[in-house]
Amino acid sequence: MATSVKSLSNKESKLIMAHMYVAFTALFVGATCGLLQTLERSGKFTLPAGIGYYQILTVHGVVLGLVLTTFFILGFMLAAQSKTTGGLNKTERTVAWIGFWLMLVGTLAAATMILLNEATVLFTFYAPLQAHVVFYLGLALVIVGTWFEGFVMFKRHARFRKENPGERTPLLSYMAVITMLMWQIASIGVAVTVLFQMVPWALGWVETIDVLLSRTLFWYFGHPLVYFWLLPAYMMWYAIMPKIIGGKIFSDSLARFTFILLLLFSIPVGFHHQLTEPGIDPFWKFIQVILTMVVVIPSMMTAFSMFATFEARGRELGAKGLFGWLKKMPWKDARFLAPFIGMLFFIPGGAGGIINASNQMNQVVHNTIWVTGHFHLTVASAVMLTFFGITYWLVPSITGRTFTKTMNKLGILQTILWTVGMLIMSTAMHWQGLLGGPRRSAYSEYVGNADTAAWGSYQIAQAVGGSILFLGMIVMIIIFVNLAFFAPKGKEEFPIAVVSNKAALPPKVFENWKLWIGVTLALILFAYTIPLIDIIQSAPPGAKGFKFW
Amino acid sequence: MNMHKYEKVWMLFGSGTLLVFLIVVGVSAFYMGNKPPSCAVTLDPEEVDTHTLFKEPGLTQIGDNEYQLTIVASAFDYDVGNDEKIIQIPKGATVHVSSTTKDVIHGFEIAGTNVNMMLEPGYISTYTNTFKNAGTYTLVCNEYCGVGHHLMAATIEVIE
Amino acid sequence: MPQPQRTEQSENEHEGMDLRGTLVSVTILGIIIIISWIGVWYLFISR
């Protein structure tokens, strides 16, 4: 009988697993809603029990885009930081638990309102559609909870530097700090609109709301939100993947540099989600489009680093020729396969993102289902497959179990199902979007013209893809439950990539946090001050609340 | 920090590509009149029906092959000035489209064209489009506005 | 356990690495970005 060995302390294991239980419950609920949506949109299926399409869509977006992501990301980053810095102390754990409970209570409050059909406002909850005040308070509580966990990560990193003066800080800890810094600065925007605009308005303390201001504050948050999803995947790709293939980190310093660039340029770009809105000067829209192209640069660097990591390892193993190194990769290891396919999905995902942000080109795709296709490639594939790949070793390594050959086989199956389902569904979404098919829409024949009738076959394809994805989700839940509760006891490696011993220490300035926060804030002030003043000063009379569901 | 020679090549190629994209869209936007819809004119969202521009929605000819089209959106309807919900425009006509919403945010998308803008309470949204290709186009709402969101539509017929 | 650290600026740690496959791969990625962008630009212009 093998001895159970956990890679984190028992107490930390409990903390991390608490996050994972919430995350995978969210996956189950959210992906089931996704299936129902694609079936309804096929036109061949009516939702049971009089459930509304838009209510299900709200659950899907909130539960997958906010709950699954946030809980998984925080659990993963805490685990990775703890593992590489030498563990969390009692205060750090306690504060993290406070954060977790705030997030969970907020989630349950918001979810209850959605299920009671009091908040059928979708994941973006745009005013002047007005939800029940408890929905807004629930979301605010989730955000505040994340701040607690963020402060733990800042504190732990500072403690490492104090206890290990002059040493290279663990890459995963550094990256966690950057990610949470970006998140905390960004989430101020959504916190302000929710607490100071929406709550008083939903309570009836004020009669109207400044809609454009609210949207601008939301999207100031909404773009870095997607980088909050992406950066943890990059963390795995840079600082864990090399260990899984038996190689080394390609460049520790360049990896840190890309994260600095991502911190600086993820936030002052929200206008590229508002390109077709009135009331914002095209000059400032274009400035933020330029800044958006700058934020593509660290991702270009990441692409190079990833290929280089694989090629270096492959050649080390004797690979010859231009692409011989591909054959040397551990394709049969689900811990490699899932994130690798995630990386491949990011190629069309990123290409689509550049198109979306290209100023007036956005008019071709705005609010069409192309956009939905885009983010199913990025967050739902690149990021999610990476998170699935993390789960295969993270869960057993912290519960003192093993990732068995059988679960590995299931992991390969899950990756294939997810890939096939997503390729079918997302391709159909992109194509239908270019034909003008709108997003966030229940099945309809509109006014019977040929252009809208042509969308039908794409929606059937989305139902096919969606059904395959649903099967993939079920397989993932089976794997998670097995790894958490039933897999044989033993010791599972927590893979941490090794820095090449030829690598110089990263430049000291990389840990000059005041500098990087300062530049981040300066860029935000540059991109937003004048247009925000304009929005506030030129505001029309505000809008009353509406409940159109 | 040192970069491999090939990484420098890639970064040059990639950044150069992004720069070309920015120049193309920038010139097109600021010198060839293709700025994204950004009308700055405001109005009282509760006074749409009495506003000069929106009192009588519909198509009006204002010049040689030049038209003004005003449409008022509300949950869940596009008031195009007639009950058939059809607007007919001659092919090649330049149309100044103006729209707004009486309640929540709506989308304004003439599918298959570049006319795609957000309607926000308190703001007038405008876009000037030349309808180069004949055909029957559906105007759809592409921003969630409530349970009838997918039922908001009208027809734009571009005739030879 | 901290790694042995080099305190002086090291040689370019990537010198001499054969990364031809990487260069070709990212170039293909760049071409995908360019072609898809041109495709949608063409749609915009023609509409």
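User: UniProt positions are given in the numbering used here, feature names are shortened, and annotations may be inferred rather than shown by experiment. With that in mind, which residues of chain B does UniProt list for "domain: Cytochrome oxidase subunit II copper A binding"?

Analyst: The unreviewed UniProt entry lists residues 64-160 of chain B for it. Keep in mind as we go that this is a predicted model.

User: Thanks! What's the helix and strand content of residues 64-160 of chain B?

Analyst: That span is 0% helix and 55% strand. Its end C-alpha atoms lie 16 Å apart.

User: And how is chain B divided into domains?

Analyst: There's domain 1, covering 1-35, and domain 2, covering 48-159. Their C-alpha centres lie 35 Å apart.

User: Let's look at the strands. What is the strand order in the open sheet of chain B?

Analyst: The sheet has 5 strands in the order 4-10-9-6-7, and the pairing is mixed. Strand 4 (86-90) and strand 7 (116-119) are the edge strands, each pairing on one side only. On average, neighbouring strands are turned by 20° against each other, direction ignored.

User: Can you walk me through some of the pairs?

Analyst: Happy to. Strand 9 (residues 135-140) and strand 10 (residues 153-159) of chain B run antiparallel and are joined by 6 bridges. One pair to click on there is B:Tyr137, whose bridge partner in strand 10 is B:Ile156. Strand 9 is also joined to strand 6 (residues 106-110) of chain B, again antiparallel, by 2 bridges. In that pairing B:Ile110 stands opposite B:Leu139.

User: How many bridges does strand 6 of chain B make with strand 7 of chain B?

Analyst: Strands 6 and 7 of chain B pair over 4 bridges, in the antiparallel sense. B:Gly107 faces B:Met118 of strand 7 there.

User: Switching to interfaces. How many residues of chain B are in contact with chain A?

Analyst: 59 residues of chain B contact 60 residues of chain A. Helix 1 (5-31), strand 6, strand 7, strand 9 and strand 10 of chain B each give two or more residues to that side. Helix 1 of chain B has the largest share, with 12 residues. By class, the chain B side has 31 nonpolar, 20 polar and 8 charged residues.

User: And what about chain C against chain A?

Analyst: There, 26 residues of chain C are in contact with 29 residues of chain A. The chain C side comprises 14 nonpolar, 8 polar and 4 charged residues.

User: What does chain C look like in terms of helices and strands?

Analyst: Chain C has 1 helix and 0 strands. The unreviewed UniProt entry lists residues 23-45 of chain C as "transmembrane region". Over that stretch the chain is 100% helix, and its end C-alpha atoms are 33 Å apart. Of the 47 residues in chain C, 26% are buried.

User: On to chain A. At what angle do helix 8 and helix 17 of chain A pack?

Analyst: About 35°, with the axes 8 Å apart; helix 8 is residues 252-265 and helix 17 is residues 513-537. From helix 8 of chain A, A:Ile260, A:Leu263 and A:Leu264 meet A:Trp516, A:Val519, A:Thr520 and A:Leu523 of helix 17. That contact has 6 nonpolar residues, 1 polar and no charged.

User: Is A:Tyr446 buried or exposed?

Analyst: A:Tyr446 is buried, because 22 other C-beta atoms lie within 10 Å and the cut-off is 20 or more. A:Asn359 counts as buried too, with 27 C-beta neighbours inside 10 Å.

Methods:
Residues are numbered from 1 along each chain as its sequence is written. Chains are lettered from A and ligands numbered from 1 in the order in which they are written. This is a predicted model: local features need pLDDT of at least 70, side-chain atom pairs count only at pLDDT 80 or more; totals for chains, interfaces and linings use all residues. Two residues are in contact if their C-beta atoms, placed from the backbone, lie within 7 Å. Ala, Val, Leu, Ile, Met, Phe, Trp, Tyr, Cys and Pro count as nonpolar, Asp, Glu, Lys and Arg as charged, and the others, Gly among them, as polar. Domain bounds come from an automatic or database domain assignment. Axes are lines fitted to C-alpha atoms, for helices over the stretch in contact, and angles run from 0 to 180 degrees between N-to-C directions. A residue is buried if 20 or more other C-beta atoms lie within 10 Å of its own, exposed if 12 or fewer, and partly exposed in between; C-beta atoms are placed from the backbone. Two strands pair if DSSP finds at least two bridges between them.
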